[in-house]
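Work through the exercises below with the sequence and the model open. Each task is followed by a worked solution.

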Amino acid sequence: MKERKDSLYLKRTISDLAFTTINGLFFTVFTLLCIFPIYYLFINTISENRLVTAGKINLYPIGIHFQNYTALLNANELINSAYISVLRTVLGTVFMVLTSALVGYLVTQNKLLGRKVIYRAIVITMYFNAGLIPWFLNINMLGLTNNFWGYIIPALVQPFNIILVKTYIESLPKELEESAFIDGAGYLVVFGRIILPLCKPILATIAVFGAVGHWNSFIDSIILMGGEPKLYTLQHRLYIYLNTASNIGKIIQGGGQLSEADIASALSNRVISLTVAMVTMIPILMVYPFMQRFFQKGLMLGAVKG
Amino acid sequence: MVKRVSFPNVLLVIFRIYLAAVFMAAFVPNLNPARVSGMINRSASLFTNAISYSNIGSNFVRALDRGWVTSQTLFVTYIGALVCGLAIVLIAAAFCLCFGNNRMRRLGLIFSSAASLVGFAGASLLLTAYNLFSNTSNPDRVEPLFPMGIWVFFGLFALTLLLSAALWFTLPKADKNEKYELAPKYRLFLMLLPFLVLVALFSYLPLMGWRYAFYDYRAGFPLTWDNFVGFKWFTYLVNNPATRANIMRVMTNTFAMSGLGLAFSWLPLAFAVFLSEMRSNKYKRVVQTFTTIPNFISWVLVYSVAFAIFSTEGFLNWALMNLGLIEEGANHLISSSNMWIKMFAWGTWKGLGWGAIIYLASISSIDPMLYEAATVDGAGRFSKMWHVTVPGLLPTFFVLLLLSISNILNNGLEQYLAFQNPLNKGSIEVLDLYIYNLGLGNTGGGSSIPIATLIGILKSVISVTLLFCANSASKFLRGETII
């Protein structure tokens, strides 16, 4: 009896071990698959450009230098695009969060005129849209094409985030709000002094996801700002660089002619594209560790209902 | 509490609606009183002209150089638009105040009267601007144009003044010691109103754009009865063989890519189930951290990663050459072979780790008692995975599956736009990308905006229908709705 039990136990541990090994191997490979490309991108931006252009940098950097990054500082259009990207991310996120908070708060108020109708009218816009072309023609009609505010204003009201804030506020104890009303506070005072501080966790969540969304979006830059290169975002620039056939190394070297020697050590199209990509990626990688604790809440973005 | 129906009250309701209408008139391009020249953007409304000077002046650079118009003329036009805009702001304020008690309504009436007077001044300035424009030495190039909007706004402001006066004398007077007050329901509503306007402007107003599908529309030209074509584009879509072939190709791509996504929609679930079987929490956290990163980089960056690895000098060629599989590097990036699978692979690379998180969260909320009971019953590792974990995740899986079925036409634009190039266009163009290329890309012909709009309409209608079907299916099968 005892013997049989032992052999069963052994059998189980062996199959367990085999399973764990294979399982672990798979996840290790997939994890490497996810981060190796980013590492590969990085080593290609800090290695000797001659080798990069020839495709010789594959596993580890050779001849480490950071001149590619400092060279980008001379490209005015890139600096300008970075400025636009940062500005739209900061302003867009701040305004979007404030809007979501205020609208989310107001739709929890039973006294609001036509509360249900209004709330449904806002939420239903998540499920239909007029289509790309009418959307573009509409924004064009409102004068927001080739206009910085075209990045901010159409993205202010986000039904998803409003639902999140509303659900969160409804989970707070009603008494806090009521006692403030009894003390004679108005709606905006209650909102600013009581609701806003209490909502910090959910507002931080939507701020993080909103900021990533603003930083990453390039369709609006391509569609709305086509006629105004000064308003291109970093992502849009990168898109252009990756798709352009001409040697953008010239842009950085002041448009001069490339000599043979230059070409050898030059900032080739490849090097610059990769460096710009890295610069565009770095902010995301930097905030990423802080974002992780918002993941669980962020998932609710897809799970909550109106 | 029964509301008294009396003449002043009815008039007040009419007045509120009227003020709202005047306010909205400022956003209608056809009523723009500031379009005193054909050179001013046809699609600009009074609102647009009032907030940005460049919208008026941008087309007059040459005319200013040659002296056909003076900068004063443009300035008068802009100030006229600005003053009219100010009047509109006052109208908005009056609209809000009219919801208050007697004292507040009176203040509102003062505001609306002031708005009419300011509006008269603005409209007169625009009239002057028109006269200045019509005195130009080169009418062909300056195109002076009398906007009907001037008379319309004169009329609107006059009626505002008239209504204000009528209300002033009919509404009950306020008590001496009455304070300004607004009922909570109106106060809340007015606080929300600016955001409702935004929703209306950016989510509902675009629906007006559906009418472009019924016109022979070319960018920069107005919609008139002359270019109204009715259902021409609808029949064109069905009858034109070239278009039909294109649509067939695009639909094949769309269904292929959505279909691949649907067929492998269990991948995140499996990922989560197997990852949760790993014992070490640290290992789990590391895997989760690194596999989620790709979800947060944009599609352009994903493309740049692809660019780095799959181009001629990239990692893939190096690896293949080192393994002795190929002799010479090739550019795998631009080739059009296996486009569906490639796009699916990139989607998986970007989304798998993130998609698994929702299942990992659900796994941690499965009752541990179930596992203990299963152990007692002699269930092994795999049977616990299959009989406890997987059933615990199925409701989530089901909801996500239904949602992706209803999104079968919405592949999204970003991924495909980033990866598109002239060589792979044939097999990468999904519906969203096709609409973009047709309506906004460089390739479009003259008829492309109406056609692209029309396809967009069909797509929206089908998507909404599918969503409702999915919702009903969920209601029927699980007793719970998903939207």
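Buried means under 20% relative accessible area, exposed over 50%, and partly exposed in between (1.4 Å probe, protein chains only). Helices are DSSP runs of H or I with at least four residues, numbered from the N terminus. The model is predicted, local features need pLDDT of at least 70, side-chain atom pairs count only at pLDDT 80 or more, and totals for chains, interfaces and linings use all residues. Residues are numbered from 1 along each chain as its sequence is written, chains are lettered from A and ligands numbered from 1 in the order in which they are written, and side-chain values use heavy atoms, with hydrogens and water left out.

**Exercise 1.** Sort residues of helix α5 (residues 115–123) of chain A into buried and exposed.

Solution.
1. Ile118(A), Tyr119(A), Ile122(A) and Val123(A) are buried.
2. These four lie on the same side of α5(A) because they cover an arc of only 130 degrees around the axis, taken from the directions from the helix axis to the C-beta atoms.
3. The face turned away from that side carries the exposed Lys116(A), Val117(A) and Arg120(A).

**Exercise 2.** Find what covers the buried residues of α5(A).

Solution.
1. Look for contacts, meaning heavy atoms within 4.5 Å.
2. From chain A, the cover includes α4 and α8 (159–170).
3. Chain B contributes α9 (184–204).

**Exercise 3.** Compare chain B with a compact globule of 483 residues.

Solution.
1. The globule rule, 2.2 Å times the number of residues to the power 0.38, refers to a radius of gyration over C-alpha atoms.
2. Such a globule would have a radius near 23 Å, whereas chain B has 32 Å.
3. The C-alpha trace of chain B spans about 90 × 65 × 45 Å along its principal axes.
4. Of its 483 residues, 48% count as buried.

Terms used
Helices (H or I, at least four residues) and strands (E, at least two) are DSSP runs, numbered from the N terminus.
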